Amino acid sequence: MGSRLELAGRGDLALLPAATPPVGTGRFAPLDWNELEISAEGLKLGATCTFQQLLQYPWPPHWPGIRALCEGMASLASFKVAHLATIGGNLCLALSVGVVAPVLIALEATYTLIDLQGSLRHIPAQDFQIGPQQTLQQLGEALRSIWIPAQRLRGPSTFQRLGITQTDPALVIVAGSRDPDSGDYRFGLNAALSPPQLVRLGFRPDPEHLPQLLAEQAHGWIADFRASALYRQRMSEVLIRRCLAILLRE
C-alpha cells in the first residue's frame, strides 16, 4: 500500500517508495516482463505487455472471453497510448477510470506480485485496488504477471463505457463475462465507484433484481461535478443490462 509504480517513457515499470519524488525516465531500467503465454489452463500476461501486443495478437477463436479486454484497451488506445501503455501500468496506476481492472475482475483473473527477494504473492483481481491510486502492493513489490483462467476465456465477454463524450474520462465502466458451463455472470465495475468492484449474478438472472443486487454488492459510488452518485448507479444498471443482452446472445 505504501508503494507506487511509475510509468516510464517506454512503458516500462519501475518501483519507487511512496515518498520518493518523481525522477527522469533515464533512471528506469526496462523490465522484460512482456511474455504472453497460452496454455490449456489459461493465459499468462507479463506486466509489461503493451496494449499494442494484446490488440494485435491472433487470439484463439475458442476464446471469446478475450473480447472484453481488447474492447477496453481499444476504447482508450490512441496510436501513442497503444505503443507505450502496459497492462501492468494501467493496473498499478489504479485510476478510477482504468479500463483493464474491471475486465480482469470480470474474467476472474489473479495477479502475481514479486518482491526484491523473488518471493511471489497472488491476489485476486477484485482485491488488488483498494482506493483511488491505492493498491495492495507493498514496498519492494512489483506486479509481475496476470493469470486468466481458460474457463472464463471460453465464455463470452463484453465491455461497455459511458462518458459525456467519447474522448472524456468515463463516468461508468462495466465489463461482463459468462461462465460457459455454470452460466453464472461476473461484472467488473469502475469509474462509477471506487475501488473497482465485482458484481455477481447467478444462472438466468432477472434484470429486475439489479437495483437490489447493486445495493447489496457494490458501494463507494462517486459523486462529483460531472455526475451524481445516483446517476452513476443507475447508469451502471443500464450498462449491466446491455452486457446481459450481449452475453445471452453469444
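Is F187 buried or exposed? F187 is buried, with a relative accessible area of 0%, where buried means under 20% relative accessible area, exposed means over 50% and partly exposed lies in between, for a 1.4 Å probe and protein chains only.

This is a predicted model, in which local features need pLDDT of at least 70 and side-chain atom pairs count only at pLDDT 80 or more, while totals for chains, interfaces and linings use all residues. Residues are numbered from 1 along each chain as its sequence is written, and side-chain values use heavy atoms, with hydrogens and water left out.

**Aromatic pairs**

The structure holds 3 aromatic pairs; rings of Phe, Tyr and Trp (its six-membered ring) pair if their centres lie within 6.5 Å, and planes under 30 degrees apart count as stacked, over 60 as edge-to-face and the rest as tilted. Two of these pairs are set out below, including the one that holds F187.

| Pair | Kind | Centre to centre | Between planes |
|---|---|---|---|
| Y57 and W59 | tilted | 4.7 Å | 55° |
| Y185 and F187 | stacked | 6.3 Å | 5° |

**Nonpolar cores**

A nonpolar core is a set of buried Ala, Val, Leu, Ile, Met, Phe, Trp, Tyr and Cys residues joined through side-chain atoms within 4.5 Å. The largest one has 43 residues, and those with the most contacts inside it are L43, L45, L54, L104, Y111, I146 and I148. Helix α5 (residues 100-106) gives this core its largest share, 6 residues; helices (H or I, at least four residues) and strands (E, at least two) are DSSP runs numbered from the N terminus. Apart from this core lies another, of 20 residues, and F187 is among them, as are V172, A192 and L210.

Leaving aside neighbours within four places in sequence, Y111 is in contact (heavy atoms within 4.5 Å) with residues including L91, A101, L104, H122, F128 and I146.

**The sheet**

An open sheet of 5 strands runs in the order β3-β4-β9-β5-β6 with antiparallel pairing, where two strands pair if DSSP finds at least two bridges between them. Its edge strands, β3 (36-38) and β6 (120-124), each pair on one side only. Strand β5 (residues 110-115) pairs with β6 over 5 bridges in the antiparallel sense, and T112 has H122 in β6 as its bridge partner.
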